Amino acid sequence: AVNIAGVAATVRNNTLRLFTNNGVYVSTGVGTTSTVIRNNLIDNTNDTGDCIETNLSSPQIIGNTLTNCDRGVHVVGAAAPTVTGNNVITGNNYGVYANGSSGVATLPVVTGNQIFTNDNFNFIAATYGATGASIKLNATGNWWGATDPTTIAGTISDLTDSNTSTLPSVDYSNFLNGPNGSAVPGNYLLGKLLVVPGANGERVS
């Protein structure tokens, strides 16, 4: 529907429906870091295509409703878009899909949104390279449709699910107690546990 390549643009206050591939597609270029996608309704009605895809680009994604797409936000390649300002990402196959493209730095910052009731996962991190396990993705301060951390974790696919060195951890701490709510206090362990045999029994590190 809207394709932006290598320039700064603003996409604001639109309704986008019934597109084939992407509602908004932002691709390679330094200028795209100043691109703003704000206050749009992107609803593909049939769970196909991506509501927003950022490919080697880092736009600001603010206050949109993204629904009924294959992926609400699809981040591909070396990109660090900011997904903030109470985006409502719901009813897609995948809410946020971070595609590391086999080793590049795909580092979306996803904070202060409502990401819930997406069919497969609310957030998925996939195809990062050999150093993926050293990466922590910032998905703090969102409403995930629940306040139980185990329930929330079940809607996120990352290192804790596959226990391989190629995937990052998704930091969903400070999750909210409701839409536009307050952070639920607590201490949370992210990543994988390493059990080390020792002379006096096993040690977890």
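Analyst: The following account begins with the chain as a whole and then turns to the core. This is a predicted model, in which local features need pLDDT of at least 70, side-chain atom pairs count only at pLDDT 80 or more, and totals for chains, interfaces and linings use all residues. Residues are numbered from 1 along each chain as its sequence is written, and side-chain values use heavy atoms, with hydrogens and water left out.

The protein chain contains two helices and 21 strands; helices (H or I, at least four residues) and strands (E, at least two) are DSSP runs, numbered from the N terminus. Of its 205 residues, 47% count as buried, where buried means under 20% relative accessible area with a 1.4 Å probe, protein chains only.

A nonpolar core is a set of buried Ala, Val, Leu, Ile, Met, Phe, Trp, Tyr and Cys residues joined through side-chain atoms within 4.5 Å. The largest such core has 36 residues, and Val24, Ile42, Val73, Phe123, Leu137 and Trp144 have the most contacts inside it. Two or more residues each come from strands S4 (22-27), S7 (50-55), S10 (71-76), S13 (94-99) and S16 (121-126). In soluble globular proteins, nonpolar side chains tend to be buried together.

Phe123 illustrates these surroundings. Leaving aside neighbours within four places in sequence, Phe123 is in contact with Val96, Ala98, Val110, Leu137, Ala139, Trp144, Thr155, Ile156, Ser157 and Val170; contact means heavy atoms within 4.5 Å. Across the protein chain, among contacts between residues at least 6 apart in sequence, 62% join residues at least 24 apart.

Methods: Buried < 20%, exposed > 50% of the residue type's maximum accessible area, 1.4 Å probe, protein only.
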